[in-house]
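Here's a quick tour of one protein model, starting with its rings and ending with its charges. Have a look at the structure first, then read on.

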Amino acid sequence: MGVNINLNNRQPSGGQSLSIVWIIAGVLGIIFGGLLIGALTPTLLPVQGSAESQQVDALFRFMLVIGGAIFLLVIGVLIYAAAAFRAKPGDRADGPPIHGNTTLELVWTIIPAIIVVILTIYSYQVWISIRTIQPLNHDVEVVGQRFAWTFNYDITPETLPAGVSAAQLDETVLATLNSEEGLQFSHPQLHTWVGEQIELKMRTEDVNHAFWIPDMRIKQDLLSGRETSITFTPIRAGIYRIVCAELCGAGHGNMAGTSVLIDGEVDLRGAWLVVHEDEQTYLREFYEPEAQKALFPPEDPVERGRQMLASGAYPCGTCHVLADQNWNGNIGPNLNNIGTRAASRVGGQTAEQYLHNSIRNPGAYLVPGFGNLMTQFNDESGEPNYMPEEDLNAIIAYLLTQTQ
Ligand code: CUA
């Protein structure tokens, strides 16, 4: 048996008309309050770096308005109830029991259901819109690996930025672009330019990672054994932090861009997104110099090894310390002075053999105090974590010169 509660009986003094005024004032207060809270959106979120971020933020603002209004309603009712229905002095009795109120239950079921349906439709539209791939001319392969990101650029004449004339490019670069294979190189940073939709094709060499650029409002998981992708169109030149958003092991926190000052110069470490002003700037400041490096590797294996490691083609720097490369990873053994120590690490192995084994089969010998965390780099091109013998030899030659 239900008990009818007549709120008016319990209200503090005041007539019927006064309470209607209060209800209208309360409803307006909640609506305007929700809109005011929603207006905080730009101060709560990072800059809008991409075209997609405008749609994502509009959706966020919409949800914040609704959430803010519900927050004010709940808090308002709570404060009103605490004031209006507080116990009278000396009254220790329980309040009357309440058994159901069909109208109220319908209201608090139907209104949230409508809100959820509206949000579903709206979010789905935003999702479809930001995942739409335009006819692309710029895609980059992203490889996630504990604990670094590598960006593989593969450029052919067809994928050159629209509007670039052959005369703007160095002859050798152009010749390689026109060759069958095109030109490929790796870099630890993602470079693109304003107004160009970029498609990232992602794969992981080991566990799951998540590629996140907060300023671009994009986040996409990298799943073992599967290629995933995401697109975005930067609308603002600048340098933006890339972060791993999936706990992937001891160095998870290192899979993010950091920067340090070295001799007054800002040195970008790890993963950053660099958005150039336009395609000409991209070509001049990023593409050409990298293409030159890829086309004319130094003859000297030591220099080649140094350059290869600096290019981020292999993610050693996130786990190891090495002053010459400004590496400060603290997960694996320190590589400073490795050139002096390598020869005496394992009995019967020369320095070259020791370094070779440490990369091809890192689990075979572990430096005391370190676990078996290092990626094994294989010598077959189809295998995961492929490192050609030539690259390995250049890296070993370089590491042997590290004697302080
Ligand atoms: Cu990769 Cu966390």
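Two rings of Phe, Tyr or Trp (its six-membered ring) count as a pair here if their centres lie within 6.5 Å. With that in hand, keep in mind that this is a predicted model.

**Aromatic rings**

A search of the whole structure turns up 12 aromatic pairs. Take Phe185 and Tyr287: their ring centres sit 6.0 Å apart with the planes at 45 degrees, so this pair is tilted. Phe185 belongs to strand 3 (residues 183–187) and Tyr287 to helix 7 (residues 279–295), so the pair ties together parts that are 102 residues apart in sequence. Are these two buried or exposed? Phe185 is buried, at 7% relative accessible area, and Tyr287 is buried too, at 1%. Both are members of one aromatic cluster, made up of Tyr153, Phe185, Trp193, Tyr282, Phe286 and Tyr287.

**A buried threonine**

Over in strand 2 (residues 148–155) you'll find Thr150, which is buried with a relative accessible area of 7%. Setting aside neighbours within four places in sequence, Thr150 is in contact with Glu141, Val142, Val143, Ser186, His187, Gly312 and Ala313.

**Salt bridges**

The structure holds 7 salt bridges, including these:

| Pair | Closest N and O atoms |
|---|---|
| Arg284 and Glu285 | 3.7 Å |
| Asp324 and Arg306 | 3.1 Å |
| Arg360 and Glu389 | 2.8 Å |

Arg284 is exposed, at 55% relative accessibility. Asp324 lies in the loop between strand 14 and strand 15 (327–328) and Arg306 in helix 8, so their bridge ties together parts 18 residues apart in sequence. Asp324 is partly exposed at 38%, and so is Arg306 at 27%.

The bridge between Arg360 and Glu389 links helix 10 to helix 11, 29 residues apart. Arg360 is buried at 11%, whereas Glu389 is partly exposed at 35%. Elsewhere, salt bridges with shared partners join Glu141, Arg203 and Glu205 into one network.

Helix 11 (residues 389–400) has 12 residues and reaches 16 Å from its first C-alpha to its last, close to the 16 Å expected. Its buried residues are Asp391, Leu392, Ala394, Ile395, Ile396, Tyr398 and Leu399. What covers them includes helix 8 (301–310), strand 14 (321–322), helix 9 (338–341) and helix 10 (351–360).

Now for the surface: Ile20, Ile23, Ile24, Val27, Leu28, Ile31, Phe32 and Leu35 form a nonpolar patch with about 750 Å² of accessible area together. Leu28 lies in helix 2 (residues 16–38) and is partly exposed, at 42% relative accessible area.

How values were computed: Residues numbered from 1 in each chain as written. Predicted model: local features only at pLDDT ≥ 70, side-chain atom pairs only at ≥ 80, totals over all residues. Heavy atoms only, no water. Patch = residues over 30% accessible without salt bridge, like charges linked within 9 Å, V, L, I, M, F, W, Y side chains within 5 Å. Areas by Shrake-Rupley, 256 points an atom, 1.4 Å probe, with all protein chains shown as cover. Salt bridge = Lys/Arg side-chain N within 4 Å of Asp/Glu carboxyl O. Helix = DSSP H or I, 4+ residues; strand = E, 2+ residues; numbered from the N terminus. Buried < 20%, exposed > 50% of the residue type's maximum accessible area, 1.4 Å probe, protein only. Expected span 1.5 Å × (residues − 1). Contact = heavy atoms within 4.5 Å. Phe/Tyr/Trp six-rings, centres within 6.5 Å; stacked < 30°, edge-to-face > 60°.
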